[in-house]
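Q: I'd like to learn how to read a structure like this one, feature by feature. Can we go through it together?
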Amino acid sequence: MKFFLDTADVDEIRQWNATGLLDGVTTNPSLILKSGRNIKEVLKEICDLVDGDVSGEVAATDYDTMVNEGRALAKIAENICIKFPTTLDGVRACKTLVDEGFKTNMTLCFSATQALLVAKAGATYVSPFIGRLDDTGTDGMGLIGEIRAIFDNFDFETQILAASIRTVNHVKDCALAGADVATLPPSTIEKLVKHPLTDKGLADFLADWEKTGQTIV
Ligand code: G3P
């Protein structure tokens, strides 16, 4: 499973990119607002930093303007991935940009039938929002399983990019359910590696090592 970082904060992206574990980045209008940056400038900077796909979202809701905005975003860099909302106009715009050879990410997906349409449009990614479904009392992770089964039934190549991930268990369950990608806020990716028994065990080993009086290099 690939890990994307869900942020437009260049410092955080730089920090995680240095681990060599980052496969891409996702942004959305709320994250651009939080960054306080110009969308095209910040996307260009992120695309230059990261080897993998970087999603930038259109702001229009009608087909013609979405297509224009998508083409403008596509000019930023080779690794840009144009993000459209999963509406009828959005799916149409996705199909147009896919036919023109661009990568696309269909966001705000909350149902298996939305994901099916997105796959038929040939999108590179579909982004089901796990946490926001959980917020309404619906099983967000169940949606990942449904989409996985449907895509496997028909050999769709669209990748499942699990979004709105809030917890470490979300990440584990996405991996078990067969999501291709999880996009994580920096606070969650940090928690993946933490375990109190690792910290305690390491402290014990270091104390014993000190007593040996040895060095390795
Ligand atoms: O990737 C989408 C994500 O940014 C939404 O997360 O926590 O606002 O539902 P959240």
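Q: How much of the protein is made up of buried residues?
A: Keep in mind that this is a predicted model. A residue counts as buried when its relative accessible area is under 20%. Here, buried residues make up 45% of the 217 residues. As for the overall build, there are 11 helices and eight strands, and the C-alpha trace spans about 70 × 35 × 30 Å along its principal axes.

Q: What does a buried residue look like in a strand, say D53 in β3?
A: Look at the relative accessibility. D53 comes in at 11%, so this residue counts as buried. D53 sits in strand β3, which runs over residues 53-57. Then check who is next to it in space: D53 and G24 are 29 residues apart in sequence, yet 4.9 Å separates their C-alpha atoms.

Q: How do I read salt bridges, and how many does the structure hold?
A: Side chains of opposite charge can pair when their charged atoms come close. This structure holds 13 salt bridges. Take R71 and E100, whose closest N and O atoms are 2.6 Å apart. R71 is in helix α4 (residues 63-74) and E100 in the loop between α5 and β5, so the pair ties together parts 29 residues apart in sequence. R71 is partly exposed at 34% relative accessibility, and E100 is partly exposed at 35%.

Q: Which residue forms a salt bridge with D180?
A: That's R148, with 3.2 Å between the closest N and O atoms. D180 belongs to the loop between α9 and β8, while R148 belongs to helix α8, so this pair links parts that are 32 residues apart in sequence. D180 is partly exposed, at 24%, whereas R148 counts as buried, at 16%. There's a network to look for as well: salt bridges link R148, D152 and D180.

Q: What separates K211 and D208 along helix α11?
A: About one helical turn, because they are three residues apart in that helix. Their side chains meet in a salt bridge at 3.6 Å, N to O. K211 is exposed, with 68% relative accessibility, and D208 is partly exposed, with 45%.

Q: Which residues form the nonpolar patch on the surface?
A: W209, I216 and V217, with about 420 Å² of accessible area together. V217 lies in the segment after α11, and this residue is exposed, with a relative accessible area of 97%.

How values were computed: Residues are numbered from 1 along each chain as its sequence is written. This is a predicted model: local features need pLDDT of at least 70, side-chain atom pairs count only at pLDDT 80 or more; totals for chains, interfaces and linings use all residues. Side-chain values use heavy atoms; hydrogens and water are left out. Patches are made of residues with over 30% relative accessible area and no salt bridge: like charges are joined within 9 Å, nonpolar side chains (Val, Leu, Ile, Met, Phe, Trp, Tyr) within 5 Å. Accessible areas come from the Shrake-Rupley method with a 1.4 Å probe; for residues, only the protein chains shown count as cover. A salt bridge is a side-chain nitrogen of Lys or Arg within 4 Å of a carboxyl oxygen of Asp or Glu. Helices (H or I, at least four residues) and strands (E, at least two) are DSSP runs, numbered from the N terminus. Buried means under 20% relative accessible area, exposed over 50%, partly exposed in between (1.4 Å probe, protein chains only).
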